[in-house]
Each structure stands twice: as structure tokens, then as C-alpha cells.
Amino acid sequence: MPDPMHFDRHADLYDRARPPYPDALWERLRALGLLSEGKRALDVGAGTGQATQALVSAGMHVTAIEPGAALAARLRERLPSVRVLQTSAEDADLPPAAFDLVTIATAVHWFDLDVVLPKLHAALASGGRLAVWRNAYGDESVPPTPFRRRMQEIVARRNAPPRPVPGESDTAQWARLLEVGGLFAVAATDEFRWTIDLDAEAVRALFTTFSDWTPEEADEAARAARDLGGTVTEHYLTPLIVLDRVA
């Protein structure tokens, strides 16, 4: 079963190996008026601060939630202006109406939404918004590349039960799930498609950070990249869901 503390045990590798979010995502958030100087932001599941950094760079006053001790330490070192709460989203003690924006980047699938969504609703000020996005490592709209077919073979051997959440590319189903309970209403959805070239060692490092991949499987992924010429082009998808806080 995937372990959410897997990332903390690989904090250094996670920091180096995870690819950035696409420029189009940040352009869209700016166009929606979400990255505004002086506003108050809460970044939930912040990791080493990839999304947090963008909020700080926009001139926002930022609080971050990160349960992993190693990840939280790196976040504090990198972004000393950020107030870091080392706790889970479910256990965080948040002041009421304290934030104008809540962001959740590649983390929402770990949360108990029945607990977390009411907590975030209470922490948002009137007119506040929730922005949820993730990097989906594989764009299902693109025909599988030889590398993707090799990855599918690895996953097919596991016979693991499906996760009890929508697929990472199922933007519409995630949007419906985030509206359950009537606390939030979808204001905008977008999907950004992009590519990245990875050599064999970058593949090994990245796949090692995935919580449901074993070290042996990550090694096999790296061998596949070497077999296919040493560098592979990955097609990724970044879905974005922006929701209004319902009064």
C-alpha cells in the first residue's frame, strides 16, 4: 500500500528529481487573480516547497502544512519567511477566516476530504478560493510510447487493488468530489499538457520518489530508458481545479 511518509524518507531525492509544474499553470493562476501580493495563502502538503516558492515570489504571506520532518526542515531552510506547520492536514490547527487562498499541489489524493474540506472552508476568509492541481505522470490522451508500454508492463505485474480515489487524470470526477458537501463550488478547470526529456538516471531518481514503486521497479524503469536510447520523452498532464468558498 502506498506510504505517505515515503517522500520524507527520500527528501533529498524528492527535491532534486520531481519535475516542476508547467509555466502555463502559473500563468493561469495569475490570470485568475490568485497570485496577488499581500494576500494570505495556505499551502497544504507543501513538500520541499515547489508550489510554496511561487506563492512567496508573488509577494504573498504564506503558511505551509507538511507532515514530514525532513521535508519540513528543507522547506524552512529554503523559505524562511514561510510559517511551516509540521502536521497532517487532518490535524492542523488553523485560525478561522485567516487565508485568502488555499493551494494543494500533488497531495489531495492523500487526504481524508471529509475532515480536510470543512477545516479548509473554516480557514478561508469570505470570498476565498481553493486551488487544487497535480502533475499526472503520463498523459492518457497520448498514444503510449515504447517507454510507457514498458512502464505499463511493470504496473500490470503487481495485481494491486485500485486506489479508492479517482484517477490522477480524471479531472471531472475530482471536481465533483471536491464539491461534495456544498462547501466549495468549482469556478474553473484547466488541463495543461507538456513534455519533458529524462535520461536513465533521471528516470531512476523520479520513479524512486513514487510511493507505489519499489527500488527494483525504479531500476527496471531506468533500464528501459537505457534500452530505448538513453533518453525518453515523457508526456505529462497537469489538471487544475479552482473552487470558490461557498458562504
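This is a predicted model: local features need pLDDT of at least 70, side-chain atom pairs count only at pLDDT 80 or more; totals for chains, interfaces and linings use all residues.
View 1. Seven strands line up as β3-β2-β1-β4-β5-β7-β6 in an open sheet with mixed pairing. Look for β3 (83-85) and β6 at the edges: each has a single partner strand, so one side of each is left without a neighbour in the sheet. From one strand to the next, the twist averages 20°.

**View 2. Strand β4 and its two partners.** Strand β4 (residues 99-105) is largely enclosed by the rest of the structure, because six of its seven residues are buried. Strand β1 (residues 40-44) pairs with β4 in the parallel sense over four bridges, and here you can find Leu42 with its bridge partner Val102 in β4. Strand β5 (residues 124-133) also runs parallel to β4, joined to it by six bridges. Phe99 stands opposite Leu124 of β5.

View 3. With β7, strand β5 pairs in the antiparallel sense over five bridges; spot Arg129 opposite Asp244 in β7.

**View 4. Helix α9 and its surroundings.** Among the buried residues of helix α9 (residues 200-208) are Val203, Leu206 and Phe207. The buried residues of α9 pack against several elements, including α7 (146-156), α10 (215-227) and β7 (231-245). At the start of the helix, a side-chain oxygen of Asp199 comes within 3.3 Å of the backbone nitrogen of Glu201.

Methods: Residues are numbered from 1 along each chain as its sequence is written. Side-chain values use heavy atoms; hydrogens and water are left out. Buried means under 20% relative accessible area, exposed over 50%, partly exposed in between (1.4 Å probe, protein chains only). Helices (H or I, at least four residues) and strands (E, at least two) are DSSP runs, numbered from the N terminus. Contact means heavy atoms within 4.5 Å. A polar contact is a pair of N or O atoms within 3.5 Å; within protein, one must be able to donate a hydrogen and the other to accept it, and residues adjacent in sequence count only if both atoms are side-chain atoms. Two strands pair if DSSP finds at least two bridges between them. Axes are lines fitted to C-alpha atoms, for helices over the stretch in contact, and angles run from 0 to 180 degrees between N-to-C directions.
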